[in-house]
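User: Could you take a close look at one part of this model, the nonpolar surface patch, and then carry on from there to the charged and aromatic side-chain contacts? I would like the cut-offs spelled out as you go.

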Amino acid sequence: MGSDKQPVGLLDTLNMEKVRTIFTHTYPYPHEHSRHAVIAVFIGCLFFISSDNMHTLIQKLDSNIKWWSMYACLLGFFYFFSSPFIGKTIKPSYSNFSRWYIGWILVAALYHLPSFQSMGVDMRMNLSLFLTIYISSILFLLVFHIVFIGLWYIGLVARVAGRRPAILTILQNCAVISVACCVFYSHCGNRAIMRQKTYDRKYSGWFTLWNKEERNSWLAKFVRMNEFKDQVCSSWFAPVGSATDYPFLSKWVIYGELTCSGGSCGESADEISPIYSLWATFIGLYIANYVVERSTGWALTHPVSQKEFEKLKKKQMKPDFLDMVPWYSGTSADLFKTVFDLLVSVTVFVGRFDMRMMQAAMSKVEDAAKQDDLLYDQFSEQDELWFDFMADTGDGGNSSYSVARLLAQPSIRIRDSKITLPRANLLFIGGDLAYPNPSAFTYERRLFRPFEYALQPPVWYKEEHIAVNKPELPRGVTTLKQYEGPQCFVIPGNHDWFDGLQTFMRYICHKSWLGGWFMPQKKSYFALQLPKGWWVFGLDLALHCDIDVYQFKFFSELIREKVGESDSVIIMTHEPNWLLDWYWDDVTGQNISHLIRDHLRGRCKLRMAGDLHHYMRHSYVPSEKPVYVQHLLVNGCGGAFLHPTHVFSNFNNLYGTSYESKASYPSFEDSSRIALGNILKFRKKNWQFDFIGGIIYFILVFSMFPQCKLDHILQDDTFSGHITSFLGTVWDAFIYMLGKSYVSSAGAFFLLVTAVTFVPSKVSRKRRLIIGILHVSAHLSAALILMLLLELGVETCIRHNLLATSGYHTLYEWYRSTESEHFPDPTGLRARIEQWTFGLYPACIKYLMSAFDVPEVMAVSRNNICKNGMDSLSRGGAAIYYASVFLYFWVFSTPIVSLVFGSYLYICINWLHIHFDEAFSSLRIANYKSFTRFHINPKGDLEVYTLAVDKVTKFPRKKCLFAWVKYMLILV
């Protein structure tokens with residue numbers, strides 16, 4: 001029962017467990033150096049690149065138009081693959097993985113193409129040098145941090161230094177250092193001795209944009225930037241000196257490449273490499289900065305600004321709401337659990353075990369009028385009453401919070417109106433409380449958390465508390481009629497029944513608070529007697545789309561014994577079977593129909609439901625026929641994704657009574673327009689679908705790699721000839737797949753069966769087959785075209801000797817020969833490191849570089865197969881070949897499969913009016929949210945206000961303005 005003492009005062013009204021205390025250093029460590037270094041390196045890259053002669057650069061671009069076209073195609077596919085992750089945080093693991101994956105195979109492809117080399121940028125050298133410096137930097141900094149932590153452990157440095165360094169910070173700094181060294185090498189080389197150049201006085205003012213002699217000659221200055229670049233390389237970034245100046249380090253440094261000056265060369269270079277000097281400088285700066293920060297308290301003298309402090313405070317106060325459920329995720333464990341729970345519920349609970357039967361068995365009183373656990377009358381004696389209805393909450397945290405926050409407002413003033421709506425005394429929730437499945441996690445994070453942030457529960461509330469004897473009223477309140485706070489009653493939806501109603505019973509029927517709303521409810525269905533002869537029947541349809549016999553018995557007896565002939569009844573269900581039965585051409589809810597027509601006999605003024613995540617209201621058309629239900633209202637905009645309205649625009653009949661549509665939100669036109677997002681945004685909203693789509697496409701063309709006979713496509717002289725030959729090759733590949741490729745044929749057949757089954761059952765079998773065949777044909781055609789484009793790209797590179805020229809370790813072998821030529825090692829440092837690491841140092845570099853030889857591996861294996869057949873490869877070799885092909889084919893296929901599938905959904909929803917659930921769940925739209933507020937006025941009439949918000953913003957937000965308000969008056 002309640003608390004031992006009644007809270008008094010403002011502080012007692014706050015749930016202190018919900019108030020976050022910010023433990024923030026007043027003077028945090030300045031970890032902004034990496035960002036500044038990235039900016040500096042980027043500016044340096046632009047400077048060095050701009051130092052080339054622009055005219056020569058344009059000539060190089062023009063002479064390599066074929067390769068630039070290949071670049072454009074390649075970068076286009078990579079962009080569309082990575083576009084869903086641009087601007088996103090690093091938290092989603094797949095998003096982070098995709099960034100590294102794209103960077104890896106994109107660089108592996110680019111350095112094999114020739115255009116960068118033609119412009120003087122040696123991608124191969126830069127890549128190999130970057131990997132070597134990157135790995136060396138990581139190992140060096142890891143050793144430094146281990147030593148530094150050891151010094152802290154024995155007490156030789158300040159206690160604040162014991163904080164572990166961020167691994168990502170180390171990796172980021174190492175990447176910046178490596179990029180800086182590569183940029184320097186690309187434009188300055190590893191020269192130990194530089195030629196001295198003489199500059200005239202008139203060129204000394206390089207940063208002066210205007211000279212008297214060349215006031216209008218900007219191009220002349222730009223052309224001479226290469227001279228200034230040489231001056232920078234020789235003076236600003238000159239080596240720190242000769243190795244003889246540092247005898248102790250003479251055997252531990254890298255030497256510069258000897259450059260002859262005046263026609264004479266020495267026997268060996270004694271100058272320290274400028275690359276090594278630059279690397280050592282950056283490493284030294286990092287170590288010095290880290291030591292100063294962690295041991296001397298330097299950061300304590302640099303307070304954070306008030307603006308940054310407020311920004312950090314706001315970030316920490318922001319609730320950790322969950323995003324909308326990714327219904328097309330190929331990696332979501334929740335979705336697999338949902339499917340499993342649904343199968344178990346359908347096969348075990350439906351028709352065999354029903355929680356509603358157990359609830360009826362536990363009721364001690366047979367008389368429906370005396371069942372206090374099902375019938376509530378605490379509001380019946382009031383002069384007027386305000387109550388709300390919402391449904392289908394518990395999806396996205398921001399959308400659910402938007403509705404809950406508006407419900408919790410003390411009053412709402414409607415825009416452009418003088419009407420002010422007070423907060424309701426009563427809240428009805430129409431089911432589907434958490435998606436995608438009912439569990440402790442989804443209920444707590446997707447339902448309770450948004451409501452608790454909207455209106456806090458009382459201070460004595462504990463999350464782990466189980467209400468045994470409901471209602472557990474606060475101290476000083478003896479009956480429900482005396483409680484003046486807002487109350488809440490909930491019915492379960494189909495998603496709440498996926499676990500047999502276990503989670504619903506635990507969190508709704510055995511807890512007393514949903515945020516600041518008191519929950520006296522004990523069972524999954526109920527009846528409320530409201531003022532002025534109004535009633536609300538909350539029905540539990542389970543997964544049968546109908547009430548069971550025990551509910552029917554309770555409500556029929558209640559109607560006979562308590563409901564007056566002039567009373568009015570509102571029936572609340574989860575599913576709007578009047579719309580769904582019309583859409584699916586089905587008949588469900590026969591017990592409900594019997595209850596309404598034969599027991600209520602016209603006293604049902606309103607039926608309201610959720611399940612469909614939009615707002616629609618229909619009213620009867622006056623006629624001589626009997627009217628069993630006057631108004632039909634659907635409002636499932638409580639937080640879940642949006643559903644279309646235009647597919648239900650033709651509904652007009654129920655129980656033989658004609659109805660007309662009075663309002664819809666969004667409008668039919670807007671609903672049809674929103675569906676266009678499936679073409680444009682399907683992959684952006686459902687990037688986790690990559691795992692399914694990419695693998696399916698690869699299976700479809702798996703057996704057709706490689707395509708060895710592509711000469712006829714490349715040898716045609718006209719563009720139309722290329723296209724004709726290309727399409728003919730696609731058709732030949734399709735015929736080959738049907739006749740000889742058993743794996744691909746089996747994949748295509750399985751996809752066809754899946755596509756036909758995926759078409760809704762309301763379509764005839766013949767149309768389902770036609771739709772399925774067209775759908776699979778689009779996917780199969782796209783997969784074959786992508787396969788052929790990839791093969792043509794590899795074939796083109798092989799013909800120009802860019803691929804298939806060496807073995808599986810091309811990059812490493814080339815780097816070792818270049819390293820021995822341009823990076824002298826007179827002291828044998830590399831040999832000593834190899835000996836001390838037992839060969840791990842060169843082995844690690846070798847296999848790390850081989851990861852960037854994926855195109856070479858693919859081309860070498862392809863040549864062997866085309867010359868000697870597939871039998872010439874071992875199982876391991878074949879696995880390596882298909883893995884290398886899959887790495888690139890997956891990038892090409894995932895944007896296309898999303899485009900084809902999104903287009904299919906758009907055509908189906910707008911032209912055929914099918915897939916209304918699938919086509920809008922893919923968009924994961926958090927906007928267009930609404931709820932309905934009812935008012936039983938002193939006259940006994942029911943006023944109905946539906947308030948909607950077009951745009952849902954993230955927490956925290958400013959005061960919300962309603963973009964859409966509808967009003968209806970139901971007379972007694």
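Analyst: A nonpolar patch on the surface is formed by V143, V147, L151, Y153, I154 and L156, which together have about 650 Å² of accessible area. Patches here consist of residues with over 30% relative accessible area and no salt bridge, where nonpolar side chains (Val, Leu, Ile, Met, Phe, Trp, Tyr) are joined within 5 Å and like charges within 9 Å, and the areas come from the Shrake-Rupley method with a 1.4 Å probe, only the protein chains shown counting as cover for residues.

The model is predicted, so local features need pLDDT of at least 70 and side-chain atom pairs count only at pLDDT 80 or more, whereas totals for chains, interfaces and linings use all residues. Residues are numbered from 1 along each chain as its sequence is written, and side-chain values use heavy atoms, with hydrogens and water left out.

Turning to charged contacts, a salt bridge is a side-chain nitrogen of Lys or Arg within 4 Å of a carboxyl oxygen of Asp or Glu, and by this rule the count comes to 15 salt bridges. R862 forms one with E791, the closest N and O atoms being 2.9 Å apart. Because R862 lies in helix α30 (residues 854-868) and E791 in helix α26 (residues 765-799), this pair ties together parts that are 71 residues apart in sequence, and both R862 and E791 are buried. R862 also forms a salt bridge with E795, at 2.7 Å between the closest N and O atoms, and E795, like R862, is buried. Salt bridges with shared partners join E791, E795, R799 and R862 into one network. Elsewhere, D670 and R673 form a salt bridge with their closest N and O atoms 3.4 Å apart; both residues lie in helix α20 (residues 668-674), three residues apart, about one turn of the helix, and D670 is partly exposed, with a relative accessible area of 29%.

For the aromatic contacts, rings of Phe, Tyr and Trp (its six-membered ring) pair if their centres lie within 6.5 Å, with planes under 30 degrees apart counted as stacked, over 60 as edge-to-face and the rest as tilted. By this rule the count comes to 60 aromatic pairs. The rings of Y483 and W513 have centres 6.3 Å apart and planes at 70°, so this pair is edge-to-face. The pair links distant parts of the chain, 30 residues apart, with Y483 in the loop between α15 (440-454) and β6 (487-490) and W513 in strand β7 (residues 513-514), and both Y483 and W513 are buried. F758 and Y904 form a tilted pair, 6.4 Å centre to centre with 40° between the planes; F758 belongs to helix α25 (residues 742-758) and Y904 to helix α31 (residues 875-912), 146 residues apart. F758 is partly exposed, with a relative accessible area of 27%, while Y904 is buried at 8%.

Conventions:
Helices (H or I, at least four residues) and strands (E, at least two) are DSSP runs, numbered from the N terminus. Buried means under 20% relative accessible area, exposed over 50%, partly exposed in between (1.4 Å probe, protein chains only).
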